[in-house]
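Notebook open, going through the sheet and then the aromatic rings. Here is what I am looking at.

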Amino acid sequence: NLVAIPAYADNYIWMLHDARQALVVDPGEAAPVMRALDAQRLTLGGILVTHHHPDHVDGIGELRERLHGPVFGPVRERIPQPCTPLAGGDHCEVLGLGFDVIDVPGHTAGHIAYVHRPADAAPILFCGDTLFSAGCGRLFEGTAEQMHTSLAKLAALPGDTRVCCAHEYTLSNLRFAAAVEADNAEIGAYTEWCETQRSRKQPTLPSTLARERAINPFLRCGEPAVVRAAQAHGAADDSGPAVFAALREWKNVFR
């Protein structure tokens with residue numbers, strides 16, 4: 001069971017559970033997790049952390065009193081201890097579930113992502129603040145070239161991979177995507193679906209990588225329309241990193 005637990009104004013804390021035990025990803029708040037555990041009488045068996053920002057780690061301390069298992073997090077970032085450090089290429093197991101680790105610097109210097117590949121279902125990607133539906137994270141500590149490379153790693157995963165982002169930013173991201181690619185019909189159709197979801201107070205997530213490759217400008221830096229839009233906003237050339245950098249700067253001031 002894959003569940004998005006709302007936290008703060010627009011965060012999601014992702015939970016995987018088997019009706020007995022659960023793991024959570026990026027618990028920035030403890031209270032929503034505890035309510036979800038209590039509502040379904042679940043034992044907390046592990047915590048995965050993608051990066052060090054407070055809205056992803058501040059609930060860990062309070063959750064330790066309920067925790068019967070490990071905390072895993074990025075080796076290159078300061079995560080509340082004790083925490084087992086991980087880096088790209090590593091593999092960890094929680095509750096009998098395996099997770100492959102990918103280095104995805106850009107939003108922060110040591111950001112990592114986790115991929116779970118069930119035998120009988122589509123893969124699950126926990127990408128923190130690196131990839132959002134129709135968008136990507138701001139560059140707080142890394143470079144545009146790093147983030148472009150990180151997103152390429154994620155985009156190379158199978159198309160049916162379920163993209164579990166850490167924020168409900170989809171509609172605002174889609175407004176920017178439509179400004180970049182006004183003639184992309186898939187952006188319009190997806191926007192309608194997302195508006196319906198939000199009107200029902202339902203998440204727009206998880207997305208899929210196939211969808212993101214079709215509508216997310218930050219994964220489409222080689223598309224002619226995206227290149228032209230980026231060049232109109234200062235891209236130095238038509239290379240992927242230059243296009244990405246111009247898009248990210250544009251998005252920072254887009255309203």
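Which residue in E10 is the bridge partner of Tyr114? I found Phe126.

Ground rules first. The model is predicted, so I note that local features need pLDDT of at least 70 and side-chain atom pairs pLDDT 80 or more, while totals for chains, interfaces and linings use all residues. Residues are numbered from 1 along each chain as its sequence is written, and side-chain values use heavy atoms, without hydrogens or water.

Sheet entry. I traced six strands in an open, mixed sheet, ordered E7-E8-E9-E10-E13-E14. Strands (E, at least two residues) and helices (H or I, at least four) are DSSP runs numbered from the N terminus, and two strands pair if DSSP finds at least two bridges between them. Strand E7 (91-94) and strand E14 (207-208) are the edges, each pairing on one side only. E9 (residues 112-116) and E10 (residues 124-128) run antiparallel over three bridges.

Ring entry. I get eight aromatic pairs, taking Phe, Tyr and Trp (six-membered ring) centres within 6.5 Å; planes under 30 degrees apart are stacked, over 60 edge-to-face, the rest tilted. Phe176 and Phe218 are stacked, because their centres are 6.0 Å apart and their planes at 20 degrees. Both are buried (under 20% relative accessible area; exposed is over 50%, partly exposed in between; 1.4 Å probe, protein chains only). I also see Phe176 and Phe218 in one aromatic cluster with Phe244, Trp250 and Phe254.
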